[in-house]
Every structure is written in C-alpha cells, then in structure tokens.
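Thanks, everyone. Please look at the structure first, then I'll walk through the rings and the core.

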Amino acid sequence: MTTVLIQHDVKDYETWKRAFDQNPLRRDRGGVSRYVMHRCVEKPSVIFIHLEFEKREDADAYLMELERMLPTVEEAVGFGEAPRAWLLEEVEARTY
C-alpha cells in the first residue's frame, strides 16, 4: 500500500473543508481506496490527510496532480503555510 500524506495549515477550516469535500481531484476515480483526516490538537489549523492507494502508480499520478492544483487552492482557500505532501510506502503494520 502507498500513502500520500498531505499537511495543510489552513486559515479557515470550514472554508477549506468545503473545498476538500467538493473533491476537485476526484479521489474516487484517482485510485484513492481510503482516506483518514487528522486535525492537530494544539494547533487546529493544521490538518493531515492520509490518502491510501493500492497501486504506487496511482499515488504518483495523484501527487503530481495535487502539486499542480495547490496554487489554485491556496488562492481560493488561503493557507497559513504552504501545503506539504509526501509519498509514503508502508513497511510495517501491526494491530493490537
């Protein structure tokens, strides 16, 4: 499994969330099998999104599209800091 981890520092969570929910990159068609969103307890403007992909190629393509689209999103939504994204390969998992 491959994950794209995105960190956003948003000025207004509600505005950002509406944009996220509009799904401009078509997560459902871009190979995302699941996503998990976290919000920082100490700094609620910081959001982490884990997008999970079955295929590495889908994650690579999605990340390229995301990087292309971010300046447009930043203009519309406003970020406190520039968004960051990483491509992660799962190396180990354990359930307790």
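**Rings, charges and the core**

Start with Arg-39. Arg-39 lies over the face of Tyr-13, 3.9 Å from the ring centre. Keep in mind that this is a predicted model.

There is a second case of this kind of contact. The charged end of Arg-27 sits over the ring of Phe-20, at 3.9 Å from its centre.

Now the ring pairs. The structure holds four aromatic pairs. Take Tyr-13 and Trp-16. Their ring centres are 5.8 Å apart and their planes meet at 40°, so this pair is tilted. Both residues lie in helix H1, three residues apart, about one turn of the helix.

Next, Phe-20 and Tyr-35. This pair is edge-to-face, with 5.2 Å centre to centre and 80° between the planes. Phe-20 belongs to helix H1 and Tyr-35 to strand E2, residues 32–39, so the pair ties together parts 15 residues apart in sequence. Buried or exposed, what is Phe-20? Buried, at 9% relative accessible area. Tyr-35 is partly exposed, at 37%. Ring pairs join Tyr-13, Trp-16, Phe-20 and Tyr-35 into a cluster.

On to the core. The largest nonpolar core has 17 residues. Val-4, Trp-16, Ile-49, Leu-51 and Phe-53 have the most contacts inside it. Strands E1 (2–10) and E3 (46–53) and helices H1 (13–21) and H2 (56–77) each give two or more residues. Which element gives the most? H2, with five residues.

Last, Ile-49. Leaving out residues up to four places away in sequence, Ile-49 touches Val-4, Leu-5, Ile-6, His-8, Trp-16, Phe-20, Tyr-35, Val-36 and Met-37.

How values were computed: Residues are numbered from 1 along each chain as its sequence is written. This is a predicted model: local features need pLDDT of at least 70, side-chain atom pairs count only at pLDDT 80 or more; totals for chains, interfaces and linings use all residues. Side-chain values use heavy atoms; hydrogens and water are left out. A nonpolar core is a set of buried Ala, Val, Leu, Ile, Met, Phe, Trp, Tyr and Cys residues joined through side-chain atoms within 4.5 Å. Buried means under 20% relative accessible area, exposed over 50%, partly exposed in between (1.4 Å probe, protein chains only). Helices (H or I, at least four residues) and strands (E, at least two) are DSSP runs, numbered from the N terminus. Contact means heavy atoms within 4.5 Å. Rings of Phe, Tyr and Trp (its six-membered ring) pair if their centres lie within 6.5 Å; planes under 30 degrees apart count as stacked, over 60 as edge-to-face and the rest as tilted. A charge sits over a ring if NZ of Lys or CZ of Arg is within 6 Å of the ring centre and within 35 degrees of the ring normal.
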